[in-house]
Amino acid sequence: MSGKRKMFIYGGIIGLIGAILMKMGNPGNMGICIACFYRDIAGAVGLHRAEVVQYIRPEIIGFIFGAFIIAIFKGDFKSRGGSSPIVRFFLGFFLMIGALVFLGCPLRMILRLANWDLNALVGLGGYVFGIFIGIQFLKKGYTLGRSVEQSKISAYLIPIVAVVLLIFLVIKPAFIFFSTEGPGSMKAPLILSLILGMVAGAILQRSRICTAGGFRDAMLIKDYHFLWGILGIFTLNLIANLILNFDNFNISFANQPVAHTNQLWNFLGMVLAGVCSSLLGGCPIRQTILASEGDTDAGITILGLIVGAAFAHNFGLASSGEGATANGKIAVIVGIVFVLFIAYSIVTSKNKEEIQNKGVVKNA
Amino acid sequence: MPNILDARGRSCPEPVIITENAIKSNPNSSLKVLVDSYAAVENITRFVTKKGYNVNIEENNHEFTLNIKK
């Protein structure tokens, strides 16, 4: 099978899983949303108290288990890290702020688009523009430095956290919060979510699908490999939704589930998410899969995403169906300035010639 | 003697950019690129193959040497 076709099918399965999970109870146009699901987990463990978005999403646990198991089986599991962890944390943090002002991660943006939520088209424009900005820094030598081998236990921490979350989800201790109304209360059955999450995690690990990588590689090196995966997600989600979720199908900007129509902030929120994903070397999906493969830098990024989600809801940064908040708008501007400053500082602090000389190891 | 590029520990897409820069500066020379992930192997292989280069991959304890030549 050709690479393109394989990627389309891999992506298509993810799109199909999104439609099934939505049919089975997940919130509208949110079969899978990495940002929303980390936000719900942050609420469930009490990092924020927005009562409508608190749930330990089994899909995330499934992603981690699926990617972890297949990575071990295929020899991809490796403990590595130490590549600018604090920068990665803040890039993850601001990526989440941007996503929650838009109301969804890049994956949900594609799923929203497949349900003809036209606000997602504006978000897509912002995301691609943000990636384009990130590429300019990459071309100028932006780097977060080398990762190196870490102690073995480091690689197991994220999968261990996933196990602990699963235990909390099953036994429901009093200190874990579960929404009784709002998006956090809307959920597909636990076992189904976990199993489909594992399937998605395994596919994402093998295919290495990354929404940022898809657009970045197309613009940077004219490689459309990952874009076929994104196209697969969109196409199969669209077809499956026409069959499974036709009542939800609505071609318009207005009255879309868990979305708003403030286009400037839909655009700028996703600009921020795009720049951060580009500078991190991958979108939230990819970071989750890498963390499950033992990459502790991606693990730190996930912690940044979770803390970002907690901030977004503790300080009124996250949008709602009513639109973006004043605090959210300020946070997006601050985020864009901050991440551009970080990228600029990294580029200017590197002597390009020195980087090239270091990159070439003379043959002994 | 081929250039040897050390892209080990570099996150995506740096290994491809390092390879691309080397190819741009000297399109006819052969290269050896050292990487330490399957993802980097796949990405570089796809990139240089489309550019018309041949790739031979050697693996040693999860480290890879990509021998790239026209």
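**Exercise 1. Determine how many bridges join strand S2 to strand S4 of chain B, and in which relative direction the two strands run.**

Solution. In this predicted model, strand S2 of chain B covers residues 31–35 and strand S4 of chain B covers residues 63–69. The two strands are joined by 5 bridges and run antiparallel. As one example of a pairing, B:Val33 has B:Leu66 in S4(B) as its bridge partner. In general, the strands of a sheet pair through backbone hydrogen bonds, in either a parallel or an antiparallel manner.

**Exercise 2. State the strand order of the open sheet in chain B, and explain why one side of S1 and of S3 is left without a neighbour.**

Solution. The first step is to write down the order. The open sheet has 4 strands, arranged S1-S2-S4-S3, and its pairing is mixed.

**Exercise 3. Identify which strands of chain B helix H1 and helix H2 of that chain lie across.**

Solution. Helix H1 of chain B, residues 14–25, lies across S1, S2 and S4 and runs at about 170 degrees to S2(B). Helix H2 of chain B, residues 38–50, lies across S2, S3 and S4, and its angle to S4(B) is about 5 degrees.

**Exercise 4. Describe the contact between chain A and chain B by its residues, buried area and salt bridges.**

Solution. Next, consider the area. The two chains bury about 2300 Å² between them, with 47% of it on carbon and sulfur atoms. Then turn to charged pairs. There are 5 salt bridges between chain A and chain B. One of them joins A:Arg208 to B:Glu42, with the closest N and O atoms 2.8 Å apart. On the side of chain A that touches chain B, helix H9 (211–221) and helix H10 (225–244) each supply at least two residues. The largest share, 4 residues, comes from H9(A). By class, this side of chain A has 9 nonpolar, 8 polar and 11 charged residues.

**Exercise 5. Locate the two partners of the salt bridge between A:Asp40 and A:Arg57.**

Solution. Over all chains, the structure holds 17 salt bridges. In the pair considered here, the closest N and O atoms are 2.8 Å apart. A:Asp40 belongs to helix H2 (residues 34–44) of chain A, whereas A:Arg57 lies in the loop between H2 and helix H3 (58–74) of chain A. The pair thus links distant parts of the chain, 17 residues apart.

Key:
Residues numbered from 1 in each chain as written. Chains lettered and ligands numbered in written order. Predicted model: local features only at pLDDT ≥ 70, side-chain atom pairs only at ≥ 80, totals over all residues. Heavy atoms only, no water. Contact = heavy atoms within 4.5 Å. Buried area = accessible area lost by both parts, 1.4 Å probe. Salt bridge = Lys/Arg side-chain N within 4 Å of Asp/Glu carboxyl O. Nonpolar A, V, L, I, M, F, W, Y, C, P; charged D, E, K, R; others polar. Pairing = 2+ DSSP bridges. Axes fitted to C-alpha atoms, helices over the stretch in contact; angles between N-to-C directions.
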